[in-house]
Protein chains: 2
Amino acid sequence: MADGTLAADGEFAVIDRLVSGRRQPPSVVVGPGDDAAVLTGTGATAVSTDMLVEGRHFRLDWSTPYDIGRKAIAQNASDIEAMGGRATAFVVGYGAPGDTETAQAVALSDGLWDEATRVGAGIVGGDMVAAPQWVVSVTVLGDLDGRPPVLRGGARPGDVVAVVGELGRSAAGYALWHNDIEGFEALRRRHLVPAPPYGQGAAAARAGATAMTDVSDGLLADLGHIAAASGVHVDLAVALLHDDLDALGPAAHAAGVDPRHWVLGGGEDHALVATFPDEPPPGWRAIGRVRRPAAGFGAGAVTVDGAAWTGSAGWQSY
Amino acid sequence: MADGTLAADGEFAVIDRLVSGRRQPPSVVVGPGDDAAVLTGTGATAVSTDMLVEGRHFRLDWSTPYDIGRKAIAQNASDIEAMGGRATAFVVGYGAPGDTETAQAVALSDGLWDEATRVGAGIVGGDMVAAPQWVVSVTVLGDLDGRPPVLRGGARPGDVVAVVGELGRSAAGYALWHNDIEGFEALRRRHLVPAPPYGQGAAAARAGATAMTDVSDGLLADLGHIAAASGVHVDLAVALLHDDLDALGPAAHAAGVDPRHWVLGGGEDHALVATFPDEPPPGWRAIGRVRRPAAGFGAGAVTVDGAAWTGSAGWQSY
């Protein structure tokens, strides 16, 4: 029955196909098929949502439906990591034209499930509707396992700023796709499917992180959120970003750009950046220091080697 | 700053405007503005999601943005009621063209908040993105207050079938709008903003409801879900629906349709329908009886006065 289109196969038959054979984690008391799903947890629930629109957040000529599913789950799971928690369940709204092949919806669902399984979670509910273009709206629920959330506002002067996961890869991949530059398959791929450092959010929380966020808008922009919420100044040392800069060197050369542009301004890799009063946990790289705000660089300022960065710093949705 | 468009005002400024001055309920530990919201609860969490697309689920020439916000919250809250719980928090994904007036987004947010406040909940997070048309994706979280969920599969032969809330009003209102029939303002209005019987889901659970769902697809279609999940036959008595039929009589006459068509087949009113071994709670109306499946009417069958209903019965998304 996955040979038809969404309109020909019909809503309920397609949903049956998307739901059947999936294995829910033990925390799911009621899965898809009733009015709502029901989950158990250890106490506080973290929740976040993202909407992805065809043509704006993904292109069906670059990404497969499977890739889109993985990316949608990854970026939502990352928001829970950034609170120090772990994703436990997702619900997904999916809009698409009626002439979409059912096999495409199945591939999207496979991608959603494969990435959810990677974080130990399940897709517990959803809604499928007719829409002029693809829209994928994911909400994630997470568990803090009894720990207080790691907010953006807790960074203190003297803290070390550290990062875990990749920086600049998605922006590099985008530039390669956009400019039709051949090769660099791993980077092109990373733009379509990020690889967040799952589990490191909880590790940071256990290590006493004072503030944390994920790098979704760009390192400088996201650190700006921490600096503003914490009332501090953050100074990065570009020399400490050499791993990322070196990894991007050849692609940056091919694209004719400064790789610092990608590492400091590129979003969507969903690395985690956090501040620590002591040593960051294993796998994290120190990249800077939290400073007391002062004349010149006040609360909310983010500088690079003690000076304002004049390149691009993140993006907005409009 | 609410004088511009989403594109001119910018994502972060608009979000600030949508979030400022809202009062969260006490269960919200962390509200909007961090990577995720954090909520406390009494144990199990119920979750459900709906996506509304302009042109398919609402029309901006019929509904105001404020109406759309109220409807989106109401239909999601109703899914939690149908499990026997109460909605505690919502997250909202909002897609719209960049030239949308910011005041329209503010009106949507006011509608979301006003309806959420009606059920004692808050909007704890969201995402705003550029899209070719309006898309509003709402996820609701709910609390079962320590009770087991009321599923669709627990109806038993001999149970009374009962309903609370309005039937057929939304379908009637749609027909009035669609056919440009003047008057009947209350019905026209009800199509745009439903009035679910908030609190009655928990009341039904406390009264021992064996199965429950909300009337979103249409009474026969939604009772069909209960009948199928429970392995029973449900028989309705049309005489017991006289309150709804009488209320719709004049509009049905004006539209030239049989009001039973609206009452039995019309969705989106978000009445609750449930099965009870004993008396239903105050405010509920008995409308039928659960029967043992038998030759002729097997598991999943829903009949009206002992016979198959030959009119329309609900709708699908494609």
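Is the crossing of α3(B) and α4(B) left-handed or right-handed? In this predicted model, the crossing of these two helices of chain B is right-handed.

**The helix pair in chain B**

Helix α3 of chain B, which covers residues 65-81, packs against helix α4 of chain B, residues 102-118, at an angle of about 35°, and the axes of the two helices lie 7 Å apart. On the side of α3(B), the residues that take part in the contact include B:Pro65, B:Tyr66, B:Ile68, B:Arg70 and B:Ile73, while α4(B) contributes, among them, B:Gln104, B:Leu108, B:Asp110, B:Leu112, B:Glu115 and B:Arg118. Sorted by class, the contact of α3(B) with α4(B) is made up of ten nonpolar, three polar and five charged residues.

**The interface of chains A and B**

Turning to the contact between the chains, 63 residues of chain A and 63 residues of chain B take part. The area buried between chain A and chain B is about 4800 Å², and carbon and sulfur atoms give 61% of that area. Across this interface there are four salt bridges, as well as 18 residue pairs in polar contact, counted where both residues have pLDDT 80 or more. On the side of chain A that touches chain B, strand β3 of chain A (residues 45-53) gives the most, with eight residues. By class, that side of chain A holds 35 nonpolar, 18 polar and ten charged residues.

**Salt bridges**

Over all chains, the structure holds 30 salt bridges. Two of the side-chain pairs are set out below.

| Salt bridge | Distance, N to O |
|---|---|
| A:Arg70 and A:Glu115 | 2.7 Å |
| B:Asp34 and A:Arg152 | 3.7 Å |

Where in chain A do A:Arg70 and A:Glu115 lie? A:Arg70 belongs to helix α3 of chain A (residues 65-81) and A:Glu115 to helix α4 of chain A (residues 102-118), so that the pair, 45 residues apart, links distant parts of the chain. The other pair in the table joins the side chain of B:Asp34 in chain B to that of A:Arg152 in chain A.

Methods: Residues are numbered from 1 along each chain as its sequence is written. Chains are lettered from A and ligands numbered from 1 in the order in which they are written. This is a predicted model: local features need pLDDT of at least 70, side-chain atom pairs count only at pLDDT 80 or more; totals for chains, interfaces and linings use all residues. Side-chain values use heavy atoms; hydrogens and water are left out. Axes are lines fitted to C-alpha atoms, for helices over the stretch in contact, and angles run from 0 to 180 degrees between N-to-C directions. Helices (H or I, at least four residues) and strands (E, at least two) are DSSP runs, numbered from the N terminus. A crossing is left-handed if the near helix is turned anticlockwise from the far one by less than a right angle, and right-handed if clockwise. Contact means heavy atoms within 4.5 Å. Ala, Val, Leu, Ile, Met, Phe, Trp, Tyr, Cys and Pro count as nonpolar, Asp, Glu, Lys and Arg as charged, and the others, Gly among them, as polar. Buried area is the accessible area (1.4 Å probe) that two parts lose on being put together, summed over both. A polar contact is a pair of N or O atoms within 3.5 Å; within protein, one must be able to donate a hydrogen and the other to accept it, and residues adjacent in sequence count only if both atoms are side-chain atoms.
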